[in-house]
Amino acid sequence: VTLVVKVGGSIRNLDPVLHDVAASPHAIVLVHGASRELNDLSTSLGHEPRMVESVRGDVSRYTDSLTMDHFLMAYAGKANKRIVERLRSLGVNAVGLTGLDGGIVQGRRRADLRVRENGRIKVLHDNHVGSIECVDMKLLNMLLQGGYTPVLTPPIAAEDGTAINADGDKVAAAVAVALGASHLIILSDAPGLLRDGDDASSLIEQIDVSALNGLEKNIGGRARTKLRAAVDARRHGVGAVVIADGRVEAPLSAALDGAGTRLV
Ligand SMILES: Nc1ncnc2c1ncn2[C@@H]1O[C@H](COP(=O)(O)OP(=O)(O)OP(=O)(O)O)[C@@H](O)[C@H]1O
Ligand SMILES: [Mg+2]
């Protein structure tokens, strides 16, 4: 049994999840984001975050090279090392890594992005963002075999080796598939995937990946990425895929016991 657990940067208090990880008898690869942390950092450094909507309706962060510097500070720096620090103090032999390290996650940069802004379509250049092409499991397998718990975060490596932003949920899904993980558990600050993002009681308990029935179109913004990553992992053979709440007590155990949204 090997679990890939994605903890969202949206979760303010990671202690419940990290306690649960420390108590788990299973091998775990922990993947995390730091989106809120990065927004706070960029704002305090006077470089306001810029979220843009693609012509397909997907929301992402415009990542110019200064934003990538801040990205590295927030994701690979503070967020990653605070998680490693906490896990190690809980007795877990954690090692912090980005997708760049050892070439774990490789992708393809898409420097130009067509966006819709104020009803107009324009093209943004110099975007350090891309899609995931492949995962090299060599380093992660070495670490797992040595009893380490990898703590992995974006960015990933573009074809020329430079750092590009890729969504943490997608990284977690790609790693789960490459690892042949038994479970992918995606935790964030919502009870699971909601029919209506503003209504916490509208939890979708189960999603049949063979009959999505246009669900993607109705799930907006950043949650759509979560849905896509989860569907992708399930379709590529990850046995159990769950999107659940990271803020409750023992969130990992709860997700394994059926809380949140299960993909079947
Ligand atoms: N239909 C929906 N179902 C669930 N969450 C939704 C929905 N619509 C919007 N959301 C919002 O999506 C957010 C989760 O996505 P977001 O990317 O912001 O966080 P994350 O993935 O946990 O963090 P990070 O990207 O830093 O890892 C939640 O805060 C939630 O409020
Ligand atoms: Mg996210």
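Reader: What makes some residues in the lining of the second largest pocket nonpolar, others polar and others charged?
Author: The sorting goes by residue type: Asp, Glu, Lys and Arg count as charged, while Ala, Val, Leu and Ile are among those that count as nonpolar. On that basis the lining divides into seven nonpolar, four polar and six charged residues. Please keep in mind that this is a predicted model.

Reader: Which residues are closest to the centre of that pocket, and how big is its volume?
Author: The second largest pocket has a volume of about 300 Å³. Of the 17 residues that line this pocket, Ile11, Arg12, Leu14, Glu37 and Ala79 are the closest to its centre.

Reader: Which helices supply the lining, and which gives the most?
Author: Helix H2 (35-44) and helix H3 (65-89) each supply at least two residues. H3 gives the most, with five residues.

Reader: Let's turn to ligand 1. How do you know that the side chains of Lys6 and Ser10 make polar contacts with ligand 1?
Author: A polar contact needs a pair of N or O atoms within 3.5 Å. For Lys6, an N or O atom of the side chain is 2.7 Å from an oxygen atom of ligand 1. For Ser10, the corresponding distance from a side-chain N or O atom to a ligand oxygen is 2.6 Å.

Reader: What does the backbone of Ala34 do at the ligand?
Author: A polar backbone atom of Ala34 is 3.2 Å from an oxygen atom of ligand 1. That distance is also within 3.5 Å, so the pair is a polar contact. As for cover, ligand 1 taken alone exposes 630 Å², and the protein buries 82% of that.

Reader: Which residues surround ligand 1, and what kinds are they?
Author: The shell holds 19 residues, and the closest are Lys6, Ser10, Asp189, Arg222 and Lys226. By type, the shell divides into six nonpolar, eight polar and five charged residues. Helix H7 (residues 221-235) gives the most to this shell, with three residues.

Reader: Why is Ala34 called buried?
Author: Buried means under 20% relative accessible area. Ala34 has 2%, so Ala34 is buried. Ala34 sits in the loop between strand E2 (27-32) and H2. The C-alpha atoms of Ala34 and Gly168 are separated by 8.8 Å, although these residues are 134 residues apart along the chain.

Reader: And why does Thr98 count as buried?
Author: Thr98 has 8% relative accessibility, which is under the 20% cut-off, so Thr98 counts as buried. Thr98 belongs to strand E5 (residues 94-98).

Reader: What does the side chain of Thr98 reach?
Author: The side chain of Thr98 reaches the backbone nitrogen of Leu100 at 3.0 Å. A polar contact of 2.7 Å also joins the side chains of Thr98 and Asp101.

Reader: Where is the cis peptide bond that involves Pro155, and what is its omega?
Author: The cis bond joins Pro154 and Pro155, with omega about 10°. Pro155 lies in the loop between strand E10 (149-153) and strand E11 (156-157), and the place of Pro154 is also in the loop between E10 and E11.

Reader: Is Pro154 buried or exposed?
Author: Pro154 has 0% relative accessibility, which is under 20%, so Pro154 counts as buried.

Reader: What makes the phi of Asn118 worth a remark?
Author: Phi of Asn118 is near 50°, which is a positive value in a residue other than glycine. Asn118 is found in the loop between strand E7 (113-117) and strand E8 (120-124). Its relative accessible area is 81%, and exposed means over 50%, so Asn118 is exposed.

Reader: Where is Asn213, and why is Asn213 called exposed?
Author: Asn213 is in the loop between strand E14 (206-207) and helix H6 (215-218). Its relative accessible area of 71% is over 50%, so Asn213 is exposed. Phi of Asn213 is near 50°, again a positive value in a residue other than glycine.

Conventions:
Residues numbered from 1 in each chain as written. Chains lettered and ligands numbered in written order. Predicted model: local features only at pLDDT ≥ 70, side-chain atom pairs only at ≥ 80, totals over all residues. Heavy atoms only, no water. 1 Å grid on protein atoms, 1.4 Å probe; cavity = no way out; pocket = protein on both sides within 12 Å on 5 of 7 lines; lining within 4 Å. Points joined across faces, edges and corners; volume = space filled by probe spheres on them. Helix = DSSP H or I, 4+ residues; strand = E, 2+ residues; numbered from the N terminus. Near = heavy atom within 4 Å. Polar contact = N/O pair within 3.5 Å; in protein donor to acceptor, adjacent residues only side chain to side chain. Areas by Shrake-Rupley, 256 points an atom, 1.4 Å probe, with all protein chains shown as cover. Buried < 20%, exposed > 50% of the residue type's maximum accessible area, 1.4 Å probe, protein only.
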